[in-house]
Amino acid sequence: MRRGLARVFTTDHRRLGILYLYLALAAVAVGTTLSLLMRFHRVWPNAVLPFFGVITPEDYLALVTMHGTLMIFFVLTTAPQSGFANLVLPEQIGAKGMAFPRVNAIAFWLTVAAFLVLISAAHITAGGAPISGWTSYPPLSALPAAGPGQGLGMDLWLVSIGIFCIAAWLSAVNMLATILGERRAGMTWTRLPMTVWAWLVASILTLLAFAVLLAAVVLLFSDRHFGSSFFIPMNDMIDGRIVGHGDGSPLLWLHLFWFFGHPEVYIAVLPGMGLATSLFANFTRRRVAGYTMMAGMLVAIGLLGLAVWGHHMFVSGMNPYAGTAFAMVTMAIAVPSTVEVIGWLATLWGGGLRLQTPMLFALGFLSFFIVGGLSGPLLAQPALDAYLHNTFFVVAHFHLIMAMAGVFGVFAGVYYWFPLMTGRLMNEALGKVHFWVSLIAAYGTFLPMHFAGLAGEPRHYDRLTGPATNFSRLIPLERGITYSALLLAATQLVFLWNVFMSARRGQAAGVNPWESTTLEWANGTEPCRIERGPYEYELPQGEGGFHPQWEAVAKQE
Amino acid sequence: MPATFTRNPVDVERRDTGIGGKPPVDRRPTGGGGDGENWENQPHGRRGPRELLIRYRLGVMFALSGDLMFFVALVSAFFVRQSSGHFDIHDNFIDDWRPLAVPPILWLNTAVLLLSSVTMEMARRQLFHEIDVMEEWLGLGRPAVKRAAPWLIATLMLGLTFLTGQWVAWKQLVAQGYLLTAPDPSSHFFYLITGIHGLHLLLGIVALVAALVGLFTLKKVEFRQIAVDSVAWYWHTMGIFWIFLFVLLVFFQ
């Protein structure tokens with residue numbers, strides 16, 4: 001019994017990493033199902049679902065809220081950061097383990113608790129899930145009477161996010177203490193794999209951003225239960241009844257939330273960027289072009305990411321000069337992102353690409369990063385954002401860069417580190433099917449949304465018939481998007497089949513199946529002191545060999 | 001097994017005591033660094049007697065940075081709320097901020113908290129005299145524990161006094177009619193700020209008790225040092241936060 005408990009509440013970082021990935025899998029399954037319900041409803045709004053009935057507009061908003069919350073918090077903040085870092089970070093820096101294994105375990109179980117509380121918000125409350133979106137803007141989110149699900153459902157959402165904030169804080173503390181304090185002798189800053197740099201910057205962002213979210217959640221909770229008016233404006237009315245008695249400001253929530261919200265999306269994508277760099281080096285058998293520059297750009301993106309939150313608020317009524325300032329910084333952040341992309345292209349150009357599945361997904365990450373990233377500077381112009389804000393153009397932008405690039409980063413990590421987790425390789429043929437169908441279906445789902453957005457189609461409308469008949473000519477587009485989305489979701493079953501089948505009967509992998517140089521593949525042969533850089537692959541015109549990081553430099557006698 | 005470990009010259013030196021022994025390497029009260037934190041020359045896992053201490057200090061420092069951001073967000077909300085208002089029908093800008101007169105006992109509480117930081121630091125410094133390791137090894141008891149425990153208990157008493165004082169301040173405000181659930185934003189902020197700080201201090205007191213217990217039950221000197229050291233830095237930070245919050249409440253309404 002005691003041993004069973006010790007196994008469940010493990011402090012071994014590798015097992016915790018796999019547990020985080022399982023949690024993300026559960027969250028992505030629920031989140032994807034919700035998104036399919038949304039897509040289905042948009043094309044067939046009057047369909048009667050078995051065991052449920054018709055999806056009302058409020059139900060649709062509840063779907064939107066839960067989909068966003070699950071995907072952003074429980075998939076994209078857990079898997080790339082906590083999931084993979086727990087799996088390989090200590091090995092990659094030559095440490096014995098994480099700095100604080102028990103804190104690490106507590107952070108995981110708090111995340112599980114947050115997940116369960118969130119799911120309960122949808123199921124055990126009379127009103128159902130909250131409808132105020134993952135951004136939960138007041139006064140809708142501050143007043144229980146404002147809508148269905150805004151009572152206990154909203155309270156449970158706040159509790160869930162509050163627990164998640166504490167879990168994220170603990171996890172970031174652990175990771176920063178590990179990266180700064182547990183590196184092996186010789187593992188200098190310029191010998192760190194790019195994944196470690198990415199986790200370092202993402203951890204700093206986590207530490208700073210989630211604290212602000214927690215403060216905002218506490219203030220919102222106070223508004224809801226202690227009669228304060230931090231966010232509820234004076235004379236706010238519901239159904240003709242005045243409920244606002246203090247001079248609160250919804251804009252305060254926007255500032256606090258988006259000060260968290262923008263670094264959050266960089267937390268979601270930075271680990272994927274670091275992994276992409278590592279994989280490009282591994283599968284082209286070349287050194288990273290401009291390693292110092294690439295690492296510096298990750299840091300620059302992280303730093304600038306703390307200063308751009310106002311670009312989510314261009315049409316909020318804030319001072320337009322503040323909008324100009326935020327627009328400038330947002331355009332500035334395009335520079336380090338572009339340098340990263342150019343660095344990747346330079347690493348790839350003329351290289352002998354080994355197009356195995358992890359590499360394919362890294363290339364897919366690059367593709368989505370470019371396409372999704374290109375619509376960013378467009379939205380960064382306040383003049384353009386005045387039209388495009390809250391249209392499907394924004395939905396297309398963040399889905400391409402977060403959902404697709406971020407998720408492809410997770411896929412790449414799973415395929416790449418699968419041999420480490422199970423000792424077996426995943427099936428290449430199934431992997432290729434998964435990659436190509438996902439890529440094409442994802443573009444089929446999200447590219448047309450740009451056109452819908454340019455046509456002015458708003459977000460959060462549950463249907464395009466009825467009062468929204470201005471947009472009824474977009475229904476064929478919506479149908480195409482829904483079919484693509486169904487295909488995209490269906491092909492993930494191929495991935496799941498591949499994962500669980502290969503874990504049992506996959507081809508046995510060697511010690512270092514990808515011929516990588518980074519230390520997680522060293523398998524017990526690490527030296528006392530690291531003397532090599534992280535990506536010492538020979539150039540193609542050389543011998544074709546490589547120097548793993550655990551290999552000693554030849555000594556002069 | 002990987003490559004063999006070379007004998008560290010420092011280790012050899014230390015083992016060679018001779019008659020009369022060696023004097024303490026460093027007389028700094030906070031422990032010093034022995035032969036200096038020369039990471040490069042140490043075998044893995046044996047980077048010096050302060051390896052674990054530094055790891056825990058890093059952890060505490062990062063945790064407190066996150067906490068700092070939390071308070072920064074609350075203070076920003078304070079300033080924004082203070083200047084929030086609306087335009088009435090005559091286009092006058094009306095704001096509902098009535099500055100709250102801070103109960104005078106808060107001054108006393110601040111003094112108590114500062115004093116508790118002094119006693120905390122005294123306790124912390126008792127843990128880092130190098131001669132203590134030798135005395136303990138010789139079976140001469142645990143002098144550091146005997147010296148530090150009274151200071152820790154004093155800190156505990158002062159901390160509890162602070163929290164009691166805060167509670168009294170709350171009761172005084174309620175008696176004057178400023179409730180948590182009143183529509184008055186300045187009283188909301190008062191309760192929120194003092195309440196959250198008080199909650200942090202309560203956690204600090206729990207940690208203090210744990211450190212006190214650990215002082216008597218932990219077997220290694222290293223672990224006792226870490227326990228008291230971590231609590232000390234947390235305690236000092238809560239004191240510093242309180243000074244900022246106190247100045248905010250008294251002078252910036």
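This is a predicted model: local features need pLDDT of at least 70, side-chain atom pairs count only at pLDDT 80 or more; totals for chains, interfaces and linings use all residues.
## Contacts around Val212(A)

Two residues are taken to be in contact when their C-beta atoms, placed from the backbone, lie within 7 Å of each other. By that criterion, and leaving aside its neighbours within four places in sequence, Val212(A) is in contact with Leu256(A), Phe259(A) and Phe260(A) in chain A and with Met69(B) and Ala73(B) in chain B.

As general background, nonpolar side chains tend to be buried together in soluble globular proteins.

Of the 253 residues in chain B, 30% are buried. When contacts in chain B between residues at least 6 apart in sequence are considered, 75% of them join residues at least 24 apart.

The contact between the chains takes 39 residues from chain A and 35 residues from chain B. On the side of chain B that touches chain A, α2 (51–82) and α6 (185–217) each supply at least two residues, and α2(B) gives the most, with 16 residues. Sorted by class, this side of chain B has 19 nonpolar residues, 10 polar residues and six charged residues.

## Helix packing against α11 of chain A

Two packed helices are described by the angle between their axes together with the distance between the axes. For helix α10 (residues 320–348) and helix α11 (residues 357–379), both of chain A, the axes come within 11 Å and cross at roughly 160 degrees; because angles over 145 degrees count as roughly antiparallel, α10(A) and α11(A) are described as roughly antiparallel to each other. The crossing in which α10(A) passes α11(A) is left-handed. On the α10(A) side the contact involves Met331(A), Ala334(A), Ser337(A), Val341(A) and Trp344(A), which meet Leu366(A), Phe369(A), Ile370(A), Gly373(A), Gly376(A) and Pro377(A) of α11(A). Eight of the residues in this contact are nonpolar and three are polar, with no charged residue present.

Helix α8 (residues 250–284) of chain A also packs with α11(A), at an angle of about 130 degrees and with the axes 9 Å apart, and the two helices are therefore oblique to each other. The crossing of α8(A) and α11(A) is left-handed. From α8(A) the contact is made by Gly272(A), Ala276(A), Leu279(A), Phe280(A) and Phe283(A), and from α11(A) by Pro358(A), Met359(A), Ala362(A), Phe365(A) and Leu366(A). By class, the contact of α8(A) with α11(A) has nine nonpolar residues, one polar residue and no charged residues. Leu366(A) is named in the contact with α10(A) and again in the contact with α8(A).

## Backbone geometry in the loops

Most residues other than glycine have a negative phi, and most peptide bonds are trans. Against that background, Phe51(A) has a positive phi of about 65 degrees although it is not a glycine. Phe51(A) lies in the loop between β1 (48–49) and β2 (53–54) of chain A, and Phe51(A) counts as exposed because 4 C-beta neighbours are found inside 10 Å.

In chain B, Asp91(B) has a phi near 65 degrees, again a positive value in a residue other than glycine. Asp91(B) is placed in the loop between β1 (86–87) and β2 (93–94) of chain B, and with 6 other C-beta atoms within 10 Å Asp91(B) is exposed. A further feature of the backbone is the cis peptide bond that joins Pro138(A) and Pro139(A), with omega at about -5 degrees; Pro139(A) falls in the loop between α5 (101–123) and α6 (152–181) of chain A.

## The segment after α15 of chain A

Pro527(A) is found in the segment after α15 (475–505) of chain A, where Pro527(A) is buried, with 20 other C-beta atoms within 10 Å. Although Pro527(A) and Gly94(A) are 433 residues apart along the chain, their C-alpha atoms are separated by 8.9 Å.

How values were computed
Residues are numbered from 1 along each chain as its sequence is written. Chains are lettered from A and ligands numbered from 1 in the order in which they are written. Helices (H or I, at least four residues) and strands (E, at least two) are DSSP runs, numbered from the N terminus. Ala, Val, Leu, Ile, Met, Phe, Trp, Tyr, Cys and Pro count as nonpolar, Asp, Glu, Lys and Arg as charged, and the others, Gly among them, as polar. Axes are lines fitted to C-alpha atoms, for helices over the stretch in contact, and angles run from 0 to 180 degrees between N-to-C directions. Angles under 35 degrees count as roughly parallel, over 145 as roughly antiparallel, 65 to 115 as roughly perpendicular and the rest as oblique. A crossing is left-handed if the near helix is turned anticlockwise from the far one by less than a right angle, and right-handed if clockwise. A residue is buried if 20 or more other C-beta atoms lie within 10 Å of its own, exposed if 12 or fewer, and partly exposed in between; C-beta atoms are placed from the backbone.
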